[in-house]
Amino acid sequence: MTQDLEHKFVSELEANQNIVHKICKIYTDCPDAHKDLFQEITIQLWKAYPKFRGDAKFSTWMYRIALNTAITLYRKSKRHVPTNKLDPVIYKVKAVDYDDTEEQQLALMYEAIKQLNDIEKALVFLYLEDKNYYEISETMGITEINARVKMNRIKKKLKNILNP
Amino acid sequence: MKELDLLKKDWKKREKNLPKLSYEDIYKMILKKSSSSVRWIFYISLLELGLGLLIILFYHPNIGKQIQLPGFIDFFSYISIPVLLYFAYRFFQNYRNISTTSSVKDLLESIMKARRTVRLYIILNLVLGGLASIITFIYVYVDQQGGWNIFVQKAQIKDYLIIFVVAVIATLIVLAALLGIYLLLYGFLMRRLKLNYKELKKMEV
(Lines give C-alpha, C1' and ligand atoms only; values in the text may rest on other atoms or scores of the structure.)
Protein backbone atom coordinates (compact mmCIF):
# COMPACT_ATOMS: atom_id res chain seq x y z
CA MET A 1 0.00 0.00 0.00
CA THR A 2 2.73 2.43 1.03
CA GLN A 3 4.81 1.33 -1.91
CA ASP A 4 1.90 1.98 -4.21
CA LEU A 5 1.52 5.46 -2.80
CA GLU A 6 5.25 6.09 -3.07
CA HIS A 7 5.29 4.99 -6.65
CA LYS A 8 2.29 7.11 -7.57
CA PHE A 9 3.72 10.16 -5.84
CA VAL A 10 7.23 9.92 -7.27
CA SER A 11 5.86 9.39 -10.78
CA GLU A 12 3.58 12.39 -10.54
CA LEU A 13 6.30 14.58 -9.13
CA GLU A 14 8.72 13.42 -11.77
CA ALA A 15 6.23 14.41 -14.46
CA ASN A 16 5.56 17.81 -12.82
CA GLN A 17 9.03 18.60 -11.51
CA ASN A 18 9.36 21.67 -13.70
CA ILE A 19 7.12 23.64 -11.36
CA VAL A 20 9.43 22.96 -8.45
CA HIS A 21 12.57 23.73 -10.43
CA LYS A 22 11.15 27.05 -11.50
CA ILE A 23 10.40 28.01 -7.90
CA CYS A 24 13.91 26.97 -6.90
CA LYS A 25 15.31 29.14 -9.69
CA ILE A 26 13.48 32.19 -8.38
CA TYR A 27 14.22 31.67 -4.70
CA THR A 28 17.79 30.46 -4.72
CA ASP A 29 20.94 31.56 -6.44
CA CYS A 30 23.30 28.63 -6.55
CA PRO A 31 22.96 24.97 -7.55
CA ASP A 32 23.48 23.75 -3.97
CA ALA A 33 20.69 25.88 -2.60
CA HIS A 34 18.52 24.91 -5.55
CA LYS A 35 18.99 21.26 -4.65
CA ASP A 36 18.31 21.92 -0.96
CA LEU A 37 15.08 23.71 -1.67
CA PHE A 38 13.98 21.05 -4.15
CA GLN A 39 14.65 18.45 -1.49
CA GLU A 40 12.64 20.29 1.14
CA ILE A 41 9.72 20.88 -1.22
CA THR A 42 9.72 17.20 -2.14
CA ILE A 43 9.57 16.23 1.54
CA GLN A 44 6.73 18.64 2.22
CA LEU A 45 4.81 17.42 -0.82
CA TRP A 46 5.30 13.83 0.26
CA LYS A 47 4.17 14.61 3.81
CA ALA A 48 0.99 16.21 2.50
CA TYR A 49 0.36 13.61 -0.19
CA PRO A 50 -1.74 11.14 1.86
CA LYS A 51 -4.30 13.92 2.27
CA PHE A 52 -4.29 14.80 -1.41
CA ARG A 53 -7.74 13.80 -2.62
CA GLY A 54 -7.29 14.10 -6.30
CA ASP A 55 -10.25 16.43 -6.67
CA ALA A 56 -7.75 19.10 -7.62
CA LYS A 57 -5.09 18.72 -10.24
CA PHE A 58 -1.81 17.45 -8.88
CA SER A 59 0.00 20.46 -10.30
CA THR A 60 -2.42 22.97 -8.72
CA TRP A 61 -1.97 21.29 -5.39
CA MET A 62 1.80 21.43 -5.87
CA TYR A 63 1.91 25.18 -6.38
CA ARG A 64 0.70 25.92 -2.87
CA ILE A 65 2.91 23.53 -1.01
CA ALA A 66 5.96 24.35 -3.07
CA LEU A 67 5.50 28.11 -2.67
CA ASN A 68 4.72 27.77 1.03
CA THR A 69 7.90 25.80 1.47
CA ALA A 70 9.99 28.34 -0.41
CA ILE A 71 8.51 31.29 1.46
CA THR A 72 8.03 29.93 4.95
CA LEU A 73 9.58 26.58 5.68
CA TYR A 74 12.84 26.70 3.81
CA ARG A 75 15.76 27.88 5.89
CA LYS A 76 18.52 29.40 3.86
CA SER A 77 21.58 27.47 4.80
CA LYS A 78 24.60 29.45 5.96
CA ARG A 79 27.04 27.50 3.88
CA HIS A 80 25.78 29.01 0.67
CA VAL A 81 27.69 32.11 -0.17
CA PRO A 82 25.13 34.66 -1.26
CA THR A 83 25.81 36.30 -4.57
CA ASN A 84 26.40 40.00 -4.38
CA LYS A 85 23.35 42.09 -4.81
CA LEU A 86 23.82 44.02 -7.97
CA ASP A 87 23.96 47.73 -7.68
CA PRO A 88 21.10 49.44 -9.49
CA VAL A 89 23.63 51.89 -10.92
CA ILE A 90 25.29 49.05 -12.79
CA TYR A 91 21.91 48.17 -14.22
CA LYS A 92 21.46 51.62 -15.50
CA VAL A 93 24.73 51.57 -17.36
CA LYS A 94 23.99 48.15 -18.77
CA ALA A 95 20.49 49.12 -19.78
CA VAL A 96 21.79 52.02 -21.77
CA ASP A 97 24.51 49.94 -23.40
CA TYR A 98 22.35 47.06 -24.58
CA ASP A 99 18.99 48.62 -24.69
CA ASP A 100 17.82 46.97 -27.86
CA THR A 101 19.01 43.43 -27.35
CA GLU A 102 16.13 41.33 -26.21
CA GLU A 103 18.45 38.83 -24.63
CA GLN A 104 20.08 41.45 -22.44
CA GLN A 105 16.73 42.87 -21.48
CA LEU A 106 15.61 39.45 -20.34
CA ALA A 107 18.77 38.79 -18.37
CA LEU A 108 18.24 42.08 -16.58
CA MET A 109 14.64 41.19 -15.86
CA TYR A 110 15.66 37.94 -14.25
CA GLU A 111 18.21 39.74 -12.13
CA ALA A 112 15.64 42.36 -11.18
CA ILE A 113 13.24 39.66 -10.00
CA LYS A 114 15.96 38.29 -7.76
CA GLN A 115 15.94 41.62 -5.93
CA LEU A 116 12.27 41.39 -5.00
CA ASN A 117 11.22 40.11 -1.59
CA ASP A 118 9.77 36.63 -1.00
CA ILE A 119 6.15 37.66 -1.36
CA GLU A 120 6.72 39.70 -4.49
CA LYS A 121 8.64 36.83 -6.02
CA ALA A 122 5.68 34.56 -5.40
CA LEU A 123 3.32 36.94 -7.17
CA VAL A 124 5.65 37.31 -10.15
CA PHE A 125 6.10 33.57 -10.31
CA LEU A 126 2.35 32.93 -10.37
CA TYR A 127 1.93 35.67 -12.96
CA LEU A 128 4.59 34.15 -15.18
CA GLU A 129 2.90 30.78 -14.75
CA ASP A 130 -0.20 32.32 -16.31
CA LYS A 131 -2.30 32.09 -13.16
CA ASN A 132 -5.25 34.47 -13.05
CA TYR A 133 -5.76 36.92 -10.20
CA TYR A 134 -8.33 34.71 -8.56
CA GLU A 135 -5.84 31.85 -8.32
CA ILE A 136 -3.08 34.18 -7.18
CA SER A 137 -5.26 35.63 -4.43
CA GLU A 138 -6.33 32.16 -3.27
CA THR A 139 -2.76 30.92 -3.11
CA MET A 140 -1.47 33.95 -1.26
CA GLY A 141 -4.45 34.41 1.04
CA ILE A 142 -5.16 37.99 -0.02
CA THR A 143 -8.09 39.52 -1.88
CA GLU A 144 -8.17 39.63 -5.64
CA ILE A 145 -8.13 43.42 -5.63
CA ASN A 146 -5.07 43.51 -3.41
CA ALA A 147 -3.34 41.00 -5.65
CA ARG A 148 -3.97 43.24 -8.64
CA VAL A 149 -2.80 46.36 -6.85
CA LYS A 150 0.31 44.59 -5.63
CA MET A 151 1.10 43.21 -9.05
CA ASN A 152 0.90 46.67 -10.56
CA ARG A 153 3.27 47.95 -7.90
CA ILE A 154 5.69 45.15 -8.62
CA LYS A 155 5.60 45.97 -12.33
CA LYS A 156 6.46 49.55 -11.49
CA LYS A 157 9.20 48.41 -9.17
CA LEU A 158 10.71 46.20 -11.87
CA LYS A 159 10.51 49.04 -14.31
CA ASN A 160 12.38 51.25 -11.89
CA ILE A 161 15.09 48.70 -11.41
CA LEU A 162 15.49 48.37 -15.16
CA ASN A 163 15.26 52.04 -16.12
CA PRO A 164 15.98 54.18 -13.10
CA MET B 1 4.51 46.38 -19.09
CA LYS B 2 5.87 44.86 -22.23
CA GLU B 3 9.04 43.56 -20.58
CA LEU B 4 7.08 41.30 -18.29
CA ASP B 5 5.12 39.87 -21.20
CA LEU B 6 8.35 39.29 -23.02
CA LEU B 7 9.55 37.51 -19.93
CA LYS B 8 6.43 35.40 -19.83
CA LYS B 9 7.16 34.04 -23.28
CA ASP B 10 10.79 33.44 -22.45
CA TRP B 11 9.79 31.79 -19.17
CA LYS B 12 8.02 29.04 -21.11
CA LYS B 13 10.89 28.65 -23.53
CA ARG B 14 13.34 28.24 -20.70
CA GLU B 15 11.58 25.19 -19.37
CA LYS B 16 13.70 22.92 -21.46
CA ASN B 17 16.84 24.25 -19.77
CA LEU B 18 15.62 23.27 -16.33
CA PRO B 19 17.39 20.43 -14.53
CA LYS B 20 15.75 17.05 -14.86
CA LEU B 21 15.70 14.64 -11.94
CA SER B 22 15.16 10.95 -12.43
CA TYR B 23 12.60 8.79 -10.65
CA GLU B 24 15.38 7.42 -8.42
CA ASP B 25 16.63 10.90 -7.51
CA ILE B 26 13.18 11.92 -6.36
CA TYR B 27 12.59 8.64 -4.59
CA LYS B 28 15.75 9.14 -2.55
CA MET B 29 14.53 12.59 -1.57
CA ILE B 30 11.29 11.39 0.02
CA LEU B 31 13.31 9.21 2.39
CA LYS B 32 15.21 12.17 3.80
CA LYS B 33 14.33 14.21 6.86
CA SER B 34 12.92 17.68 6.62
CA SER B 35 14.98 20.58 7.90
CA SER B 36 12.18 23.11 7.71
CA SER B 37 11.80 26.01 10.10
CA VAL B 38 8.51 24.58 11.35
CA ARG B 39 10.30 21.43 12.37
CA TRP B 40 12.84 23.47 14.31
CA ILE B 41 10.11 25.52 15.89
CA PHE B 42 8.45 22.29 16.95
CA TYR B 43 11.60 20.96 18.61
CA ILE B 44 12.33 24.22 20.35
CA SER B 45 8.77 24.41 21.63
CA LEU B 46 9.10 20.88 22.99
CA LEU B 47 12.29 21.99 24.71
CA GLU B 48 10.48 24.94 26.25
CA LEU B 49 7.67 22.78 27.51
CA GLY B 50 10.31 20.40 28.86
CA LEU B 51 11.99 23.30 30.60
CA GLY B 52 8.69 24.03 32.30
CA LEU B 53 8.63 20.48 33.53
CA LEU B 54 12.15 20.86 34.92
CA ILE B 55 11.15 23.98 36.80
CA ILE B 56 8.19 22.15 38.26
CA LEU B 57 10.42 19.28 39.33
CA PHE B 58 12.94 21.68 40.82
CA TYR B 59 10.38 23.33 43.02
CA HIS B 60 8.65 20.11 43.83
CA PRO B 61 8.49 19.63 47.62
CA ASN B 62 9.80 16.08 47.51
CA ILE B 63 12.92 16.93 45.57
CA GLY B 64 15.82 18.97 46.91
CA LYS B 65 15.02 18.35 50.54
CA GLN B 66 18.18 20.00 51.78
CA ILE B 67 16.41 23.34 51.57
CA GLN B 68 13.07 23.52 53.27
CA LEU B 69 10.99 25.85 51.15
CA PRO B 70 7.93 27.71 52.35
CA GLY B 71 4.57 26.06 51.86
CA PHE B 72 3.20 28.32 49.15
CA ILE B 73 6.06 27.29 46.84
CA ASP B 74 4.58 23.79 47.02
CA PHE B 75 1.31 25.30 45.97
CA PHE B 76 3.01 26.90 42.98
CA SER B 77 4.48 23.62 41.90
CA TYR B 78 1.17 21.80 42.14
CA ILE B 79 -0.73 24.38 40.21
CA SER B 80 1.91 24.51 37.48
CA ILE B 81 1.30 20.91 36.43
CA PRO B 82 -2.22 21.50 35.06
CA VAL B 83 -0.98 24.78 33.58
CA LEU B 84 1.77 22.92 31.72
CA LEU B 85 -0.70 20.30 30.52
CA TYR B 86 -3.05 22.98 29.28
CA PHE B 87 -0.33 24.76 27.34
CA ALA B 88 1.05 21.51 25.93
CA TYR B 89 -2.43 20.58 24.73
CA ARG B 90 -2.98 23.99 23.16
CA PHE B 91 0.41 23.85 21.49
CA PHE B 92 -0.16 20.43 19.93
CA GLN B 93 -3.59 21.50 18.74
CA ASN B 94 -2.12 24.58 17.12
CA TYR B 95 0.76 22.66 15.66
CA ARG B 96 -1.61 20.20 14.05
CA ASN B 97 -3.37 23.07 12.34
CA ILE B 98 -0.21 24.12 10.53
CA SER B 99 -0.80 22.92 7.01
CA THR B 100 1.26 23.48 3.91
CA THR B 101 -1.90 23.31 1.84
CA SER B 102 -3.28 26.53 3.34
CA SER B 103 -2.71 29.85 1.68
CA VAL B 104 0.61 31.56 2.35
CA LYS B 105 -1.04 33.96 4.79
CA ASP B 106 -2.95 31.28 6.71
CA LEU B 107 0.18 29.20 7.00
CA LEU B 108 2.17 32.10 8.43
CA GLU B 109 -0.66 32.87 10.84
CA SER B 110 -0.95 29.30 12.05
CA ILE B 111 2.77 29.07 12.73
CA MET B 112 2.76 32.32 14.67
CA LYS B 113 -0.25 31.18 16.67
CA ALA B 114 1.53 28.00 17.72
CA ARG B 115 4.57 30.05 18.70
CA ARG B 116 2.53 32.54 20.67
CA THR B 117 1.12 29.79 22.86
CA VAL B 118 4.55 28.61 23.86
CA ARG B 119 5.80 32.15 24.28
CA LEU B 120 2.99 32.95 26.67
CA TYR B 121 3.84 29.82 28.61
CA ILE B 122 7.51 30.75 28.83
CA ILE B 123 6.78 34.31 29.91
CA LEU B 124 4.39 33.06 32.56
CA ASN B 125 7.03 30.63 33.75
CA LEU B 126 9.76 33.24 33.85
CA VAL B 127 7.62 35.65 35.83
CA LEU B 128 6.46 33.00 38.29
CA GLY B 129 9.95 31.51 38.41
CA GLY B 130 11.34 34.97 39.11
CA LEU B 131 8.89 35.55 41.94
CA ALA B 132 9.56 32.12 43.38
CA SER B 133 13.31 32.63 43.27
CA ILE B 134 13.10 36.03 44.99
CA ILE B 135 11.10 34.45 47.76
CA THR B 136 13.44 31.48 47.94
CA PHE B 137 16.47 33.72 48.05
CA ILE B 138 15.10 35.73 50.94
CA TYR B 139 13.93 32.63 52.68
CA VAL B 140 17.26 30.85 52.42
CA TYR B 141 19.14 33.95 53.51
CA VAL B 142 17.00 34.42 56.59
CA ASP B 143 17.30 30.74 57.34
CA GLN B 144 21.08 31.01 57.32
CA GLN B 145 20.91 33.88 59.78
CA GLY B 146 19.24 31.53 62.22
CA GLY B 147 15.61 31.70 61.21
CA TRP B 148 12.91 34.30 61.27
CA ASN B 149 12.73 34.88 64.99
CA ILE B 150 16.40 35.73 65.35
CA PHE B 151 16.44 37.72 62.12
CA VAL B 152 13.45 39.81 63.08
CA GLN B 153 14.98 40.62 66.43
CA LYS B 154 18.25 41.85 64.98
CA ALA B 155 17.17 43.28 61.65
CA GLN B 156 16.62 46.90 60.93
CA ILE B 157 14.81 48.44 57.99
CA LYS B 158 18.14 48.72 56.21
CA ASP B 159 18.67 44.95 56.39
CA TYR B 160 15.26 44.24 54.96
CA LEU B 161 15.87 46.63 52.14
CA ILE B 162 19.29 45.24 51.31
CA ILE B 163 18.23 41.64 51.08
CA PHE B 164 15.17 42.57 49.11
CA VAL B 165 17.11 44.65 46.61
CA VAL B 166 19.84 42.01 46.26
CA ALA B 167 17.25 39.32 45.66
CA VAL B 168 15.46 41.36 43.02
CA ILE B 169 18.66 42.35 41.22
CA ALA B 170 20.05 38.81 41.21
CA THR B 171 16.78 37.49 39.84
CA LEU B 172 16.54 40.20 37.22
CA ILE B 173 20.04 39.44 35.96
CA VAL B 174 19.25 35.75 35.59
CA LEU B 175 15.92 36.53 33.94
CA ALA B 176 17.45 39.04 31.54
CA ALA B 177 20.09 36.55 30.48
CA LEU B 178 17.46 33.86 29.89
CA LEU B 179 15.23 36.25 28.02
CA GLY B 180 18.15 37.43 25.89
CA ILE B 181 19.05 33.91 24.81
CA TYR B 182 15.41 33.21 24.19
CA LEU B 183 14.78 36.24 22.04
CA LEU B 184 17.94 35.59 20.05
CA LEU B 185 16.88 32.05 19.27
CA TYR B 186 13.37 33.17 18.56
CA GLY B 187 14.38 36.05 16.34
CA PHE B 188 16.70 33.84 14.36
CA LEU B 189 13.93 31.39 13.53
CA MET B 190 11.05 33.76 13.10
CA ARG B 191 12.67 36.71 11.36
CA ARG B 192 11.93 35.71 7.79
CA LEU B 193 8.49 34.51 8.72
CA LYS B 194 7.55 37.78 10.36
CA LEU B 195 9.00 39.78 7.51
CA ASN B 196 6.86 37.94 4.99
CA TYR B 197 3.80 38.21 7.16
CA LYS B 198 4.28 41.94 7.46
CA GLU B 199 4.62 42.20 3.71
CA LEU B 200 1.29 40.43 3.22
CA LYS B 201 -0.36 42.55 5.89
CA LYS B 202 0.92 45.67 4.19
CA MET B 203 -1.06 44.78 1.08
CA GLU B 204 -4.29 44.95 3.01
CA VAL B 205 -4.16 48.61 3.80
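This is a predicted model: local features need pLDDT of at least 70, side-chain atom pairs count only at pLDDT 80 or more; totals for chains, interfaces and linings use all residues.
Where contacts in chain A join residues at least 6 apart in sequence, 66% of them link residues at least 24 apart.

Chain B likewise has zero strands, with seven helices, and its elements run α-α-α-α-α-α-α from the N terminus. In this chain of 205 residues, 18% are buried. The radius of gyration of chain B is 26 Å, whereas a compact globule of 205 residues would have a value near 17 Å. Taken along the principal axes, the C-alpha atoms of chain B fill a box of roughly 90 × 40 × 25 Å. Among contacts in chain B with a separation of 6 or more, 73% are accounted for by residues 24 or more positions apart.

The packing of two helices in chain A can be examined in detail. Two packed helices are described by the angle between their axes and the distance between the axes. Helix α6 (residues 118-128) of chain A and helix α8 (residues 144-162) of chain A have axes that come within 10 Å and cross at roughly 95°. On the side of α6(A), the contact is made by E120(A), L123(A), V124(A) and Y127(A), and on the side of α8(A) by K150(A), M151(A) and I154(A). By type, the residues of this contact are five nonpolar, no polar and two charged.

D130(A) is situated in the loop between α6 and α7 of chain A. Its phi is near 70°, a positive value in a residue other than glycine. D130(A) has 10 C-beta neighbours inside 10 Å and therefore counts as exposed; the limit for that class is 12 or fewer.

G141(A) is found in the loop between α7 (133-140) and α8 of chain A. Because G141(A) has 15 C-beta neighbours inside 10 Å, this residue counts as partly exposed. Residues up to four places away in sequence aside, G141(A) touches S103(B), V104(B), K105(B) and D106(B).

E144(A) belongs to helix α8 of chain A. With 14 C-beta neighbours inside 10 Å, E144(A) also counts as partly exposed. Neighbours within four places in sequence aside, E144(A) is in contact with Y133(A), Y134(A) and S137(A). N132(A) is twelve residues from E144(A) in sequence, and their C-alpha atoms are 9.5 Å apart in space.

The contact between them takes 45 residues from chain A and 38 residues from chain B. On the side of chain B that touches chain A, at least two residues each are supplied by α1 (2-13), α2 (23-30), α3 (37-58), α5 (104-144) and α7 (157-202) of chain B. The most is given by α1(B), with seven residues. This side of chain B divides into 21 nonpolar, eight polar and nine charged residues.

Y197(B) lies in helix α7 of chain B. Since a residue is buried if 20 or more other C-beta atoms lie within 10 Å of its own, Y197(B), with 20 such neighbours, counts as buried. Leaving aside neighbours within four places in sequence, Y197(B) is in contact with L108(B) and M112(B). By contrast, N17(B) is 180 residues from Y197(B) along the chain, and the C-alpha atoms of the two are separated by 33 Å.

Technical notes:
Residues are numbered from 1 along each chain as its sequence is written. Chains are lettered from A and ligands numbered from 1 in the order in which they are written. Axes are lines fitted to C-alpha atoms, for helices over the stretch in contact, and angles run from 0 to 180 degrees between N-to-C directions. Helices (H or I, at least four residues) and strands (E, at least two) are DSSP runs, numbered from the N terminus. Two residues are in contact if their C-beta atoms, placed from the backbone, lie within 7 Å. Ala, Val, Leu, Ile, Met, Phe, Trp, Tyr, Cys and Pro count as nonpolar, Asp, Glu, Lys and Arg as charged, and the others, Gly among them, as polar. The radius of gyration is taken over C-alpha atoms; the globule rule is 2.2 Å times the number of residues to the power 0.38.
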